[in-house]
Amino acid sequence: MAIYFLKRLGYIAAIIVLMSLLVFLVTHVLPANTAEVILGEYATAETKAALEQKLGLNLPLPVQYLRWAGGLLHGDFGQSVILEQPIAPILWTALGRSALIAIPTLLIVTLVGIGIGVVSAVQYRRPLDRLTSLGTYVAVSVPEFFWGLVFILVFSSYLNWLPTSGNGSPGDSLWARLAHLVLPVATLTLGLQAHVSRLMRSSMLEALRSNYVRAARARGMPERTVILRHALRNAMLPTITVLAQDLGFLVGGIVAVETIFAYPGIGRLLVYAVSRHDLPLMEAVILVVTAIYCLANLAADLLYGAFNPRIRYGRSVD
Amino acid sequence: MMRWLRIRARAVAASLVLLGTVVGAQDSKAESVLRISANTPVRSLDPAKHSLGQLEYNYSVLVYDRLTAFDDKLNIVPDLAESWEASADLKTWTYRLRKGVKFHSGREVDAEDVVATYKRLADPANASVILGSLKIVEKIEAPDKYTVRFTLSTPYSSWPAITSAFQAVILPRDELDTITTKLVGTGPYKFVSYDPNGTMELVRNPDYFDATAFKFDRVEFKIIPDYSTAVAALERGELDIVWGLPPEFMDKLKGSKTAQVSEVPTGTWAMFGMNESIPPFDNPKVRQAIFKLVDRKKIAEIALFGHGTPTISPLPPFHPFYDSAIPIGAADPAAAKKLLAEAGYPNGLTVQLWMPAQQPVLERMAVTLRDIAKEANLTVEIHPVPEDQFRPSTRPFMINNFSGRTTPDTMLFEWYHSTGSWNTQNWHFKSAEVDKLLEAARQTTNVEEQKKLYTRFQEIAAEDGPGVVIFVLNHADGYGNKVKGFQSSPLRTLNLRNVTLAN
């Protein structure tokens, strides 16, 4: 187990190094350059050269990369070339704010997704199943930015319940700050829960038709126990995998949702870094996101082992 | 399970309502805060590199001061300098500083700070965007604590306009190394914090030399990329001002019960640019044909829904030197067709038109030209490219817009003079007469003389130039009904002087 774990950590480190190289190279083949972006319409050859000198952008690529990577090994994310400020505080603040959206979203997606999946499997082809299926398809087929705008119109403009955007002001109360999270979380949840609930529904249906469920029913177990103890536990496995993968979708969704709701998290920091060609900032954000994604997948795999039904089932039956 | 879900749903709905009432109930703060939206983060926190405008200029005018500034009628007015005067040959400019003005860090501003600020701006290593304008400075000196003297290599009548540039804010000479991490100015508001996608927070500077004109304890700029969101937030009272409304939102907000629009003509102009170093635009007949195809009034109407004014050159129609006697020609496709045939394209010509993507106003301009060009057998293929990849210097034909400058010289010289920085990079327009006119205007302070020179210039620009200038855009801000005394400025920055919030 320990060896497996260490091996996986080794892979993750390798992925991160590869990723950092890839980001570095990609940004260097992009057509525009950082100095031009900073200077905008006033860029002249002279000011461009001066700025590149100042920012170290005139050094050979490998030197630029090693400089940056060397700093990272010392825990130093370096300076944002656009803001001319240290990256670490900006990055951690944004990440923390995104976690405030992402963690509730994942929790709700897990609970609601599994719930809807189980209910529609149990109610297979009955009106409730059709209704949830239709609802799920509508939720997932329309992109986040549309739902975001609809929510703003309904809950902010029309009903006047919730703030439209941002993350509040320094003097706001806890409630006022939490209120800013509701619409972003709801928007993200809407799309993501479809993955979980659809998958949960089909694996649940499969489990309900299996021989062991039939056997359990034949032995006269209450339907509730059959569904929750026998079928659900088995059907959970693929769902765990898809939840880990959903973290990837979540990052994509967060970019859209943070933009609509003007929420200052990691998604918009990434967009900002890319649009401004701020290479060190871009590298830092992408690496942190990559690391989180890798670790989430590792966690899912470990959880998978823990949920392994052959072990669990064997124990609980006798 | 179903029952559980239903109960859950009811509980969620109930807590949503609860949240709503709690949020709705927050008011009656002792402190007055003005909340303003901006749609893009700053490009740089170093004022020398400010070039995006928007939030950059808006916080700059609150946090910093310049030697001179512009008022909302584009007159040059005192800022940190109380007065200034030129020598008879327009080469030596002497500024007298206001006494007792303090930096936010506490020290009094003196002439050495001004000298250090300008030396920093003139040093190419700092990549200041006004480096080009400072090339004519030979010497900057501080003869005494409150006097600064600029010696120029050439007579230049518009020098006080250069010292009003947003980039030329006066910084403390002993804190030049920490400009972007510890922002220190002299302005009515002190910088508190900036989160690139979130909020920029400023707090009132009670020691400002004109502190009574600025009423809010705090000012917050919120970065809200989507205008639909910003307008919804304004109507709901989460924001007090939405800076820079696009034309499509101006009319929408005019019908609002809780907010209104202030709209003002600006010097920001848009143009179809032609690069005369790239065929077919090296042929004067092709350029003339393009001029004949443009109906400025029609394009302004279609592209801006009426929120702009057609113009001949970057000199805006509200400027005293603008000559309304010069006809803003209607399109003449037949004449254009004839010109193209004379240029050697009797069977038609295809040109590639480049423009920055995601700018609906420019898109509508492009499409309008494309449609009318068909009548002259000219095919216009439109290529929108991301803004940061839009490099005009390599494009034969382009659309773009440019922020207005504040004096006729700064509005025109860099675009129309054969040595102008913009022109030499992008268009390579050369006209001996235009060169002469623009140079002569720089060397006189006689207004009548200048007006004559610029009138002749406009006559030429109506039919020839680095491109066809179409219109100047209006600038508009949305503001809540609680905001009193607010008016949009043609400078496109927010003027918060004597603005208050009613309760």
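Select helix 3 (residues 111–122) of chain B. It lies across strand 5 (92–97), strand 6 and strand 7 of chain B. Against strand 6 of chain B, helix 3 of chain B runs at about 165°. Angles run from 0 to 180 degrees between N-to-C directions, and axes are lines fitted to C-alpha atoms, for helices over the stretch in contact. Helices (H or I, at least four residues) and strands (E, at least two) are DSSP runs, numbered from the N terminus.

This is a predicted model: local features need pLDDT of at least 70, side-chain atom pairs count only at pLDDT 80 or more, and totals for chains, interfaces and linings use all residues. Residues are numbered from 1 along each chain as its sequence is written, while chains are lettered from A and ligands numbered from 1 in the order in which they are written.

**The sheet under the helix**

Now show the strands. Four of them form an open, antiparallel sheet in chain B, in the order 4-5-7-6. Two strands pair if DSSP finds at least two bridges between them. Strand 4 (81–86) and strand 6 (137–144) of chain B are the edges; each has a single partner strand, so one side of each lacks a neighbour in the sheet. On average, neighbouring strands are turned by 20° against each other, direction ignored.

Zoom in on strand 6 and strand 7 (residues 147–152) of chain B. Five bridges join these antiparallel strands. Which residue stands opposite Asp144(B) in strand 7 of chain B? Pick Thr147(B).

**A buried helix**

Select helix 2 (residues 55–63) of chain B. Nine of its nine residues are buried, so the helix is largely enclosed by the rest of the structure. A residue is buried if 20 or more other C-beta atoms lie within 10 Å of its own, exposed if 12 or fewer, and partly exposed in between; C-beta atoms are placed from the backbone. Tyr57(B), Asn58(B) and Tyr59(B) are among the buried residues. The cover includes strand 1 (33–38), strand 8 (189–194), strand 9 (199–204) and strand 10 (218–223) of chain B.

**A helix pair**

Go to helix 11 (residues 408–416) and helix 13 (residues 432–442) of chain B. They pack at about 150°, with axes 11 Å apart. The two helices are therefore roughly antiparallel (over 145 degrees). Residues are in contact if their C-beta atoms, placed from the backbone, lie within 7 Å.

**A cis bond**

Pick Pro279(B) and Pro280(B). A cis peptide bond joins them, with omega about 0°. Pro280(B) sits in the loop between strand 12 (259–274) and helix 7 (284–293) of chain B.

**Across to chain A**

Show both chains. 53 residues of chain A are in contact with 48 residues of chain B. Elements giving two or more residues to the chain A side include helix 5 (87–122), helix 8 (174–208) and helix 10 (223–260) of chain A.

**Two positive phi values**

Stay in chain A. Most residues other than glycine have a negative phi. Select Glu84(A), where phi is near 55°. Glu84(A) is in the loop between strand 1 (79–80) and strand 2 (85–86) of chain A. It is partly exposed, with 18 other C-beta atoms within 10 Å.

Last stop: Ala262(A), with a positive phi of about 50°. Its place is the loop between helix 10 and helix 11 of chain A. Is Ala262(A) buried or exposed? Buried: 26 other C-beta atoms lie within 10 Å.

Definitions and conventions. Angles under 35 degrees count as roughly parallel, over 145 as roughly antiparallel, 65 to 115 as roughly perpendicular and the rest as oblique. Two residues are in contact if their C-beta atoms, placed from the backbone, lie within 7 Å.
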